[in-house]
Amino acid sequence: MKQKYLKFAAESKEEYIYLLKTVISTPSPSYKEREVAVIIKEFLEQEAEKNNHCRANIYTDDIWNVYCEIGGPFHADTECMLFCAHTDTVFPDDKGPLSVREENGRIYGLGAKDNCANVCALMFCAKYIFENYKDIQQKLLLVFDVCEEGTGNLRGCRRIFEKYSGIRQMIAFDLDYQKLFYRAVGSMRYEIDVNVRGGHAFHDFGNKNAIQIMSDIVQNFYKIKISDMKGSSSYNVGIIRGGTSVNAIAEECHALFEWRSDCEQTLQQMDILFEKILKKAEGQAQGEAHVKKKLIGKRPSAKEFTQDAKKRQDRLAERVIHIAEDITGQSPSFIAGSTDCNIPLSEGIPAVCIGTCLGEGEHTRQEYIEISSLEKGLVLALEIVCGFLTETV
């Protein structure tokens with residue numbers, strides 16, 4: 001089969017790169033993925049119509065996930081293998097077309113590596129299946145899901161598992177093929193607001209200052225010894241702002257806090273400690289300050305696997321590693337991370353994540369992919385996806 005995939009990838013190169021540039025140029029910030037979802041759905045429908053012998057049910061939902069059920073019909077509890085690629089980018093740009101340029105063997109553009117190349121690879125996997133398979137024994141679910149990035153909070157992947165209770169395993173396509181995400185890093189993210197009466201910097205000197213109270217909260221937050229807790233963990237204050245003028249006692253201060261861990265127990269332990277820090281700050285203000293906490297993101301880490309699920313997780317990882325080694329000549333590194341896989345892993349469902357390209361600069365405006373990596377990446381995706389067409393999961 002490998003030679004067939006290589007031939008398909010080579011013959012499709014021009015069309016593939018054209019589609020990739022189209023997707024990159026289409027704005028798709030989290031919660032605003034509609035435009036790219038329409039492109040994906042139309043592509044899938046056109047390819048399915050050309051090859052109507054392949055049973056496929058293609059549709060979008062109200063949050064603009066694009067679903068492609070292959071080997072249907074599907075029901076909520078139909079046992080299936082899930083493949084997904086998220087369609088959102090971290091960039092807020094929502095007016096297109098966005099800039100795309102090809103230079104020195106690279107394609108530069110916002111979200112090129114994270115995650116446009118992987119979206120296109122999964123689209124072409126569907127195209128290959130439509131063209132080459134008639135009698136499909138295994139039911140495959142291909143989903144192009146929204147809101148994987150940042151405060152998207154894995155909304156799209158959560159919806160998939162709400163709709164389909166029969167998913168047995170999942171492979172997400174994200175980033176590059178040099179890394180295999182095998183463990184889930186969960187996170188908690190809070191928006192904190194401190195509000196006080198404030199006043200004139202001279203005449204009201206002595207009144208509580210929201211910036212000073214927030215500073216105490218930040219200092220106490222960084223005194224937490226997270227290294228003594230279970231798992232690999234981190235914490236961060238990413239944004240802080242407030243006040244009105246150099247000669248005004250700050251009435252308000254706003255900050256964003258987060259912590260991450262591959263251990264769910266540590267996530268909950270941090271939550272308890274953070275709540276105590278906020279209560280202490282409010283108490284020390286003696287009724288002169290109001291501290292408001294708002295949860296803006298919660299990503300679960302992995303659940304303990306059953307013995308059977310652990311074996312299936314290991315087999316799934318080994319399978320993907322073997323394919324990646326065969327196609328690219330290199331073995332991906334096993335790493336932990338926050339991906340769509342957090343959702344199935346938090347439910348004890350086997351899941352891994354790997355990419356279909358090489359590149360650098362993800363989450364920056366200098367993001368690019370190496371054109372020379374795209375054929376290998378598509379063949380890798382085809383080997384992974386099509387390998388499940390004639391066997392049980």
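Q: Two strands count as paired if DSSP finds at least two bridges between them; how many bridges join β9 and β14?

A: Strand β9, which covers residues 186–196, pairs with β14 over ten bridges, and the sense of the pairing is antiparallel. Strands here are DSSP runs of E with at least two residues, helices are runs of H or I with at least four, and both are numbered from the N terminus. The model is predicted, so local features need pLDDT of at least 70 and side-chain atom pairs count only at pLDDT 80 or more, while totals for chains, interfaces and linings use all residues. Residues are numbered from 1 along each chain as its sequence is written, and side-chain values use heavy atoms, with hydrogens and water left out.

Q: Which residue stands opposite valine 194?

A: Valine 194 has valine 291 of β14 opposite.

Q: And what is the strand order in that sheet?

A: The order is β11-β13-β9-β14, in an open sheet of four strands with antiparallel pairing. The edges are taken by β11 (233–242) and β14 (289–299), and because each has a single partner strand, one side of each is left without a neighbour in the sheet. From one strand to the next, the twist averages 15 degrees.

Q: Which helix lies across β13?

A: Helix α6, residues 210–221, lies across β9, β11, β13 (252–261) and β14, and runs at about 15 degrees to β13. Such angles run from 0 to 180 degrees between N-to-C directions, with axes as lines fitted to C-alpha atoms, for helices over the stretch in contact, where contact means heavy atoms within 4.5 Å.

Q: Changing topic, where does β18 sit in its sheet?

A: Strand β18 belongs to an open sheet of four strands in the order β4-β5-β18-β17, with antiparallel pairing. The edge strands, β4 (101–103) and β17 (359–360), each pair on one side only. Inside the order, β5 (residues 106–108) and β18 (residues 368–370) are joined in the antiparallel sense by three bridges, and tyrosine 108 has tyrosine 368 of β18 as its bridge partner.

Q: What about helix α2, which strands does that one lie across?

A: Helix α2, made of residues 13–24, lies across β4, β5 and β18, and its direction is at about 25 degrees to β5.

Q: Last one: at what angle do α1 and α10 cross?

A: Helix α1 (residues 2–11) and helix α10 (residues 374–386) cross at roughly 135 degrees, with axes that come within 9 Å. On the α1 side the contact is made by Lys2, Tyr5, Leu6, Phe8, Ala9 and Ala10, and on the α10 side by Glu375, Leu378, Val379, Leu382, Glu383 and Cys386.

Technical notes: Pairing = 2+ DSSP bridges.
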